[in-house]
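Good morning, and thank you for coming.

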Amino acid sequence: MSRPVDHRSTEAARRTGRGRRIGITGLSGYLGERLAVAVRVAGHHPVDLGRANGLDLLDPGSVSEVVTRLAPDAVIHAAAANPGRPEDSFDAVNRVGSAAVAEVTTGIGARLVHVSTDLVLSGRAAPYGDDAAADPLGVYGRSKAGAEAEVQRIDPTAAIVRTSLIYGLHRIDRSTAGFLDRLRRGEPLELFADVVRQPVWVDALAEGLVRLAVEFPEVSGTLNLAGDQALDRAAFGRRMLARWGLAPAAFDRIVDGLAGPRLPGVALDLRLGLERARALGLACPGVDEVLARAGTVAPPGRTDPAGAR
Ligand SMILES: NC(=O)c1ccc[n+]([C@@H]2O[C@H](COP(=O)([O-])OP(=O)(O)OC[C@H]3O[C@@H](n4cnc5c(N)ncnc54)[C@H](OP(=O)(O)O)[C@@H]3O)[C@@H](O)[C@H]2O)c1
């Protein structure tokens, strides 16, 4: 059943830029839950394009039916099968599922903002500009690069946002939770000192995605949106562990390792240029800036500068 159209409120929404219906796939996920908050803060209405409403990315028919029925003005496609899930689901959920999302948003004339990852890049040619060609090393990265290509083919007006490791201050992220569990069980933990990323604060990412959906409909193609501080995985991991209350003595069980010599499938240097994001005025605070604002103390032991670039 189609929604009744209130022309007065539609016109008011057009003028003020508020009151839009912003569809979110993956709303139950780590990014999705903060996207819903960011949508509300910006004066819009989040629309749950998830399993609760019958949408399964493995079933393109359900994608078409649910998005058409709920008729959002814009869609932020944040759902994905992420590392840790079975590898054989990556292509169907990420590439084929994203194509289904792009088909239906194009069909109903909704703005599409697609969430991608720095892992579409090999790490052999950093720093990567906004329009760097995808050259993924792993199965997950290939599925997300495939998703980017499908989205670009189906909807050349879509914005495709490449981001980095996502962390938040409201809830511990999955990686840090896993590290914390191991260390609290008394086990050692190896963190890579040669894997460089630009971790992104989930709330800055969410705000940027909403702005791309509503304020910047003319932005198309790939764009990097990440924190403006490059950190190696070991330095970032230590900061997060301190943030989430790891006892100082347990830091002694962290060992810095090197992925390069033994794991050829790991992208080592995924520094991202943030020119497009900066030109649009999107916030890209680095990890230390975000943690300082939150009053988090630095981790004990190896506090770099070597880790910070
Ligand atoms: N986390 C990171 O560090 C990181 C880094 C770079 C890029 N990204 C990208 O950022 C986005 C959000 O990541 P996240 O970490 O927030 O994800 P997440 O916490 O793993 O959540 C994934 C979301 O996708 C949904 N989903 C998975 N399979 C689905 C299916 N077949 N049909 C419908 N929904 C499905 C999940 O729904 P259910 O709860 O119902 O399963 C959940 O809401 C993804 O596109 C990811 O590739 C993440």
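This is a predicted model: local features need pLDDT of at least 70, side-chain atom pairs count only at pLDDT 80 or more; totals for chains, interfaces and linings use all residues.

Helices and strands here are DSSP runs, numbered from the N terminus, with at least four residues (H or I) for a helix and at least two (E) for a strand. Residues are numbered from 1 along each chain as its sequence is written.

Strand 1, residues 21–25, pairs with strand 2, residues 45–48, in the parallel sense over 4 bridges; two strands pair if DSSP finds at least two bridges between them. Between these strands the chain passes through helix 2, residues 30–41, and this β-α-β crossover is right-handed. That term applies if, with the strands pointing away from the viewer, the path from the first strand over the helix to the second runs clockwise.

Strand 1 is also joined by 4 bridges to strand 3, residues 74–77, and these two run parallel. There, Ile22 has Ala74 as its bridge partner.

Is strand 1 mostly covered or uncovered? Of its 5 residues, 4 are buried, so to speak of the strand as mostly covered follows from the definition: a residue is buried if 20 or more other C-beta atoms lie within 10 Å of its own, exposed if 12 or fewer, and partly exposed in between, with C-beta atoms placed from the backbone.

I turn now to the core. The largest nonpolar core has 89 residues, and Leu35, Ile76, Leu205 and Leu209 have the most contacts inside it. Such a core is a set of buried Ala, Val, Leu, Ile, Met, Phe, Trp, Tyr and Cys residues joined through C-beta atoms within 7 Å. Helix 7, residues 202–214, gives the largest share of this core, 9 residues. Not counting residues up to four places away in sequence, Leu35 touches Ile24, Leu27, Ile76, Ala78, Ala206 and Leu209; contact requires C-beta atoms, placed from the backbone, within 7 Å.

Next, the ligand. How many residues surround the ligand? There are 24, and the closest are Gly26, Gly29, Leu31, Ala79 and Ala80, where the C-beta atom, placed from the backbone, must lie within 6 Å. Helix 2 supplies the largest share of this shell, 3 residues.

Finally, the protein chain has 10 helices and 12 strands.

Terms used
Two residues are in contact if their C-beta atoms, placed from the backbone, lie within 7 Å.
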